[in-house]
Amino acid sequence: MVKPVIAIVGRPNVGKSTIFNRIVGERISIVEDVPGVTRDRIYSSGEWLSHDFNIIDTGGIDIGDEPFLEQIRQQAEIAMDEADVIIFLTNGREGVTPADEEVAKILYKTKKPVILGVNKIDNPEMRDQIYDFYTLGFGEPIPISGSHGLGIGDLLDAAAKYFPKTEETEYADDVIKFSLIGRPNVGKSSLVNAILGEERVIVSHIAGTTRDAIDTPYTYNGQKYSIIDTAGIRKKGKVYETTEKYSVLRALRAIERSDVVLVVLNAEEGIIEQDKKIAGYAHEAGRAVVIVVNKWDAVEKDEKTMKEFEQKIRDHFLFLDYAPIVFLSAKTKKRIHTLLPMINLASQNHSMRVETSVLNDIIMDAVAMNPTPTDKGKRLKIFYATQVSVKPPTFVIFVNEPELLHFSYERFLENRIRDAFGFEGTPIKIFARERK
Ligand code: GDP
Ligand code: GDP
């Protein structure tokens, strides 16, 4: 199920990030602590009654050196492009300002629903201050207080009314959905063209219901695929599309809808911090990952070059040690044929189920080889392990005390499981649970 997207817009200091944090709540702090992954607090998921949704704080999208009004204009346009519902936030303590009017003018252009929130109404006596805001032309203003957590439910009720009823394209289980992520100019769109080449049959382009996400389904060698968000990959031109946070946002959306994520690097330029960030998102989302080194034609090579580059990747992307690496050129099409088999492999492993009895044999052998750790005189006891889900493969290990399963021992067990079953191209998750 694709979640609807809410975007918050408004001039600086009205309380956008306060409201964003209120809505996403603890969610943001429970993400696993992956070294090298920096979080941008601009995009997260939220929940309201029976609805799951994603939410964007456009105020967190830094548009570089542009003047103030240009920044908020671009942020509002991002909201109009990306969201199903827009929350237009204002400050009840300051009344309607010229900058609010500017935002309103931009939002008049959209057909998407806009909900007007008036923030900083910290107590009931202040409610009269919302009436001014009718002049903005977005109907009834909703009084809220981000710092006191008041009215947030009303705001989300109003937003949820507009969540699209028709679900976006659902694919059958036998379709491998993959996306290409990477910073601008690494060659994502060239790669899509190279993959699609003439001999592949493109079934049709499928447009999302409300957003401009366009997937490209096709079949090759009897396997069905869909390239997720081809439009986002190809779309170019608007100024803000070159901003880092915008591409991160777009990538997160594509990752969420994919089985396999191709992390595309530019061989000519090597690896930079932004590549690590983008790769970190794919890992955190639990998707299968293939690392693609593009523009391999443009690199001067000898017999050691590939090994050295591979080592560099391994050093930089410690958390992606399971991801296979493919070197290729979208331009000359050299080694392009190696990519789809890797995508197939990663996808198969991502949804692989292992037999419980074999799994337990592996775990017990592991324990015999390397005894479980002790802490304050207590030893971890493992009773039983089972695979509880796929995409990614997730295991639960029943133990005497979950806290005794330290990271290093968990890592050891993960490696034993990987040695036994493969799982190349997919993260796996292990949880310890107390046996009752
Ligand atoms: P943004 O620039 O729109 O993201 O605004 P922030 O969320 O950073 O908030 C700007 C300032 O307003 C901060 O000092 C917040 O503590 C304050 N603020 C946010 N919400 C409220 C509120 O409901 N009441 C009051 N009194 N202050 C608030
Ligand atoms: P995107 O922004 O990631 O979609 O990148 P593009 O596909 O638009 O490619 C950016 C630039 O890199 C274009 O000028 C391409 O012609 C060039 N390019 C893409 N793939 C290759 C490649 O394999 N080798 C070389 N030498 N150039 C490439």
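Modeller: The model is predicted. To begin with a pair of helices, helix 2 and helix 3 cross in the right-handed sense.

Colleague: What makes the crossing of helix 2 and helix 3 right-handed?

Modeller: A crossing has that name if the near helix is turned clockwise from the far one by less than a right angle. The axes of helix 2 (residues 68-82) and helix 3 cross at roughly 35° and come within 10 Å, and the crossing is right-handed.

Colleague: Which residues of helix 2 and helix 3 make the contact?

Modeller: Helix 2 contributes Leu69, Ile72, Arg73, Ala76 and Glu77, and helix 3 contributes Ala99, Glu102, Val103, Ile106 and Leu107. They count as a contact because the cut-off is 7 Å between C-beta atoms.

Colleague: What does helix 3 touch in the sheet?

Modeller: Helix 3 (residues 98-107) packs on the sheet against strand 1 (5-9), strand 4 (85-91) and strand 5. The direction of helix 3 makes about 165° with that of strand 4.

Colleague: Why are strand 2 and strand 6 called edge strands?

Modeller: Strand 2 (43-48) and strand 6 (142-143) each pair on one side only. The open sheet has six strands in the order 2-3-1-4-5-6, with mixed pairing.

Colleague: How do you know that strand 5 and strand 6 pair?

Modeller: Pairing needs at least two bridges, and two bridges join strand 5 (residues 114-119) to strand 6, so they pair. The two strands run parallel, and Gly117 stands opposite Ile142 in strand 6.

Colleague: Which residues of helix 10 are buried?

Modeller: Met342, Ile343, Ala346, Ser347, Asn349 and His350 are buried in helix 10. The term applies because each has 20 or more other C-beta atoms within 10 Å of its own.

Colleague: What puts them on the same side of helix 10?

Modeller: They cover an arc of only 165° around the axis, and therefore lie on the same side of helix 10. The buried residues pack against strand 7 (175-181), strand 12 (260-266), strand 13 (288-294) and strand 14 (325-327).

Colleague: How does the reach of helix 12 compare with the span expected at 1.5 Å a residue?

Modeller: Helix 12 (residues 407-421) has 15 residues and reaches 21 Å from first C-alpha to last, close to the 21 Å expected. Gly422 follows helix 12 and has a positive phi, near 95°.

Methods: Residues are numbered from 1 along each chain as its sequence is written. Chains are lettered from A and ligands numbered from 1 in the order in which they are written. This is a predicted model: local features need pLDDT of at least 70, side-chain atom pairs count only at pLDDT 80 or more; totals for chains, interfaces and linings use all residues. A residue is buried if 20 or more other C-beta atoms lie within 10 Å of its own, exposed if 12 or fewer, and partly exposed in between; C-beta atoms are placed from the backbone. Helices (H or I, at least four residues) and strands (E, at least two) are DSSP runs, numbered from the N terminus. The arc is that of the directions from the helix axis to the C-beta atoms. Two residues are in contact if their C-beta atoms, placed from the backbone, lie within 7 Å. Axes are lines fitted to C-alpha atoms, for helices over the stretch in contact, and angles run from 0 to 180 degrees between N-to-C directions. The expected span of a helix is 1.5 Å times one less than its number of residues.
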